Amino acid sequence: MSSLISGIKGTTQSLTALRRPWRDFFDISTVDLPSSTSDATTRIAQNLTHFRLNYTLILLLILFLSLIYHPLSLLTFLVILLAWFFLYFARDREEPVVIFGFFIDDRIVIAALFGLTVAGLVLTGVWVNVLVALAVGVGFVILHAGLRSTDDLVMDDLELPYGHVLAGGDDELDSPRGDYSGI
C-alpha cells in the first residue's frame with residue numbers, strides 16, 4: 001500500500017513539475033500570426049511540447065463540461081480515468097502488470113484501457129458529446145499553439161521537439177568529420 005501511495009505521490013509531483021504557469025500560457029502579448037506554414041508547424045510542435053500538461057488539463061476541462069449534464073457518464077469516465085491512472089500512468093514502468101500470475105505487456109494494457117474507454121463511450125450513449133468536445137478542445141489547442149509565439153519560451157534541449165537536430169553540440173561534432181581524428 002505504501003508503494004502505491006509513494007507511486008501516486010511521485011507521479012503527482014512529476015506532473016505538477018511539467019505544468020507551466022497559466023500566466024505564461026495566457027500571455028496576450030505573445031500572440032501573433034505566424035509568418036509561414038513552416039513557422040506555424042514549428043510553433044505548434046514547440047508549444048505542444050512546452051505546454052503539454054496545460055493543454056491536457058484544458059482538454060479534460062472541456063470534456064468534463066461536455067459531460068456535466070450526464071452524471072452517469074461522468075461517473076463512468078471518472079472510473080475509467082482512475083483505471084488509466086493506476087494501470088498506466090502511476091505504475092512503475094519497470095514492473096509489469098501481473099494478473100493471476102501472468103505478466104501483461106504494456107501494449108495489452110493500453111489496448112484493454114482503450115477498449116474500456118470506447119465501451120464506456122458507447123454504453124453510456126455520450127460518444128457524440130465526447131467527440132464534439134474533443135474536436136473543440138483540439139481545435140482550441142492547435143489554434144493557441146499556432147498563434148502563440150515561441151520567442152519567450154525557455155526550453156531544455158531535451159524538451160525541444162527537434163532538440164537533438166537543432167541543438168548546438170560539441171565543437172568536434174560540428175565538424176564535418178564528426179569526432180573522428182585524422183590518421
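**Exercise 1.** Which helix gives the largest share of the nonpolar patch in this predicted model?

Solution. Start with the members of the patch. A nonpolar surface patch of about 1,000 Å² is made by Trp-22, Phe-26, Leu-57, Leu-60, Leu-75, Leu-78, Val-79, Leu-81, Leu-82, Phe-86, Leu-87 and Phe-140. Next, assign them to elements: helix H4 (52-66) and helix H5 (71-89) are the elements that give two or more residues. The largest share, 7 residues, comes from H5.

**Exercise 2.** Locate Trp-22 and classify its accessibility: is Trp-22 buried, partly exposed or exposed?

Solution. Trp-22 lies in helix H2, which covers residues 22-25. Its relative accessible area is 30%. Buried means under 20% and exposed means over 50%, with partly exposed in between. Trp-22 is therefore partly exposed. Trp-22 is also one of the residues of the nonpolar patch.

**Exercise 3.** Describe how helix H3 and helix H7 are placed relative to each other.

Solution. Two packed helices are described by the angle between their axes and the distance between the axes. For H3 (residues 37-50) and H7 (residues 127-147), the axes come within 7 Å and cross at roughly 110°. Angles of 65 to 115 degrees count as roughly perpendicular, so H3 is roughly perpendicular to H7.

Conventions:
Residues are numbered from 1 along each chain as its sequence is written. This is a predicted model: local features need pLDDT of at least 70, side-chain atom pairs count only at pLDDT 80 or more; totals for chains, interfaces and linings use all residues. Side-chain values use heavy atoms; hydrogens and water are left out. Patches are made of residues with over 30% relative accessible area and no salt bridge: like charges are joined within 9 Å, nonpolar side chains (Val, Leu, Ile, Met, Phe, Trp, Tyr) within 5 Å. Accessible areas come from the Shrake-Rupley method with a 1.4 Å probe; for residues, only the protein chains shown count as cover. A salt bridge is a side-chain nitrogen of Lys or Arg within 4 Å of a carboxyl oxygen of Asp or Glu. Helices (H or I, at least four residues) and strands (E, at least two) are DSSP runs, numbered from the N terminus. Buried means under 20% relative accessible area, exposed over 50%, partly exposed in between (1.4 Å probe, protein chains only). Axes are lines fitted to C-alpha atoms, for helices over the stretch in contact, and angles run from 0 to 180 degrees between N-to-C directions. Angles under 35 degrees count as roughly parallel, over 145 as roughly antiparallel, 65 to 115 as roughly perpendicular and the rest as oblique.
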